[in-house]
Amino acid sequence: MAERAFSNPYPDYSKAQASAYCDSSGRLTPEFSQRINSKIRELLQQMELGLKSADRQDCTIYTGWAGIALLYLHLYNVYGDPGYLQMSHEYVKKSLCSLSKRTITFLCGDAGPLAVGAVVYHKMGNEKQVEDCISRLLNLIKLDPRAPDEMLYGRMGYIYSLLFVNKYFGQEKIPQQHIQQVCDMVLSSGETLARKRNFSSRTPLMYEWYQEYYVGAAHGLAGIYYFLMQPSLQVSQVKLHNVIKPSIDYVCELKFPSGNYPPCVDDTRDLLVHWCHGAPGVIYMLTQAYTVFNEEKYLNDALKCADVIWKYGLLKKGYGLCHGVAGNAYAFLTLYNLTHDMTYLYRACKFAEWCLDYGEHGCRTPDTPFSLFEGMAGTIYFLSDLLVPAKARFPAFEL
């Protein structure tokens, strides 16, 4: 872990240290907010210049046009500037012109552009386009009946798309029956694989992607279980307690002595501290488990995750969401919103301060340097989210 991260140069929380960033009620100081706003404007200009040479065929949320559309939709929600909604609209049109017709997920498939398109067109007052996007979104599940179950390329990524639409519309635009159907497929798939691969004595559910039993948020168990506990999926109390809870407990048993988690079951290398693999993604499963089951062990494990991220989360990979500093900082915000402990808001602010020196630490340049999940757009998203910490949600994942 230490080789993949910069040594954290910041002192940990004290009331005196935190006073330069936020007050005791969780509001950022005017000075720090001004620094963030100034950096957002600067980075947006850099991003727009950089996007002129971006892949014109990439429609995805993860690295393509739909991710930029989602950023501008978020900026519109934060600032209320109709210019941001218009920018979102322009990028949505680009993404919908180049759908892949390959995968069904929010981040890496057609579901993301269609879901974001439905919301943007709704805000623009174009209901005909809204209905077209939603109709195509509902039909996507027929594309790949053998889809995996994980977040990035599988059914959970599709479920997120459906929940995203309902959240923004504030009503059941996507029928609950449709969501339930996909959720039941995920549960059945996990139970079947656990029996088939002789995991049933250890965990009722098991999932694989490319012949590996991944643990983290992007491809693995933690991401799937985080969603299965969401109230909007309406999983029965019997399933929650008899199937999902013991499966979560199995993931908890995989924890390293450091408090971090392996990328895969039976992987003994304690290396990765990313949202996609490791503590920064597993923490969401733990905080949701604490909310649902009210057992302190889940909160205690989440606090250990936060300590790992504080120590090893300033990544040499960069400032992005999937495997970068901005993505790691969201873990502090979710813990702050759960516990209201100012330690975690302070830590998020310090990681943001690191991001304010974007490009000055000698990090690796991502393959798509201006994209939402690998590059600059994700950092902008995080910085704007931090302005109102109580509303901050990890994009394309946290509900």
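Modeller: The loop between α10 (237–253) and α11 (279–293) contains D266. In this predicted model, D266 has a phi near 75°, which is positive even though the residue is not glycine. Most residues other than glycine have a negative phi. D266 has 68% relative accessibility, and exposed means over 50%, so D266 counts as exposed.

A second residue with a positive phi is A396, at about 65°, and A396 is not a glycine either. A396 sits in the segment that follows α15. Its relative accessibility is 1%, and buried means under 20%, so A396 counts as buried.

Next, the helices. Two packed helices are described by the angle between their axes and the distance between the axes. For α5 (residues 111–124) and α7, the axes come within 9 Å and cross at roughly 10°. Angles under 35 degrees count as roughly parallel, and therefore α5 and α7 are roughly parallel to each other. On the α5 side, the contact is made by A111, G112, A115, V116, A118, V119, H122 and K123. These meet Y158, S161, F164, V165, Y168 and F169 of α7. Sorted by class, the α5 contact with α7 consists of 10 nonpolar, 3 polar and 1 charged residues.

The largest pocket has a volume of about 370 Å³. It is lined by 18 residues, and those closest to its centre are H74, N77, Y168, D385 and K391. Y168 is also one of the α7 residues that meet α5. Three helices, α3 (65–79), α7 (155–169) and α15 (376–386), each give at least two residues to the lining of the largest pocket. In that lining, 10 residues are nonpolar, 3 are polar and 5 are charged.

The second largest pocket holds about 320 Å³ of space. Of its 15 lining residues, A147, P148, D149, S189 and E208 are the closest to the centre. The lining of the second largest pocket divides into 7 nonpolar, 3 polar and 5 charged residues.

Methods: Residues numbered from 1 in each chain as written. Predicted model: local features only at pLDDT ≥ 70, side-chain atom pairs only at ≥ 80, totals over all residues. Heavy atoms only, no water. 1 Å grid on protein atoms, 1.4 Å probe; cavity = no way out; pocket = protein on both sides within 12 Å on 5 of 7 lines; lining within 4 Å. Points joined across faces, edges and corners; volume = space filled by probe spheres on them. Helix = DSSP H or I, 4+ residues; strand = E, 2+ residues; numbered from the N terminus. Nonpolar A, V, L, I, M, F, W, Y, C, P; charged D, E, K, R; others polar. Axes fitted to C-alpha atoms, helices over the stretch in contact; angles between N-to-C directions. Parallel < 35°, antiparallel > 145°, perpendicular 65-115°, else oblique. Contact = heavy atoms within 4.5 Å. Buried < 20%, exposed > 50% of the residue type's maximum accessible area, 1.4 Å probe, protein only.
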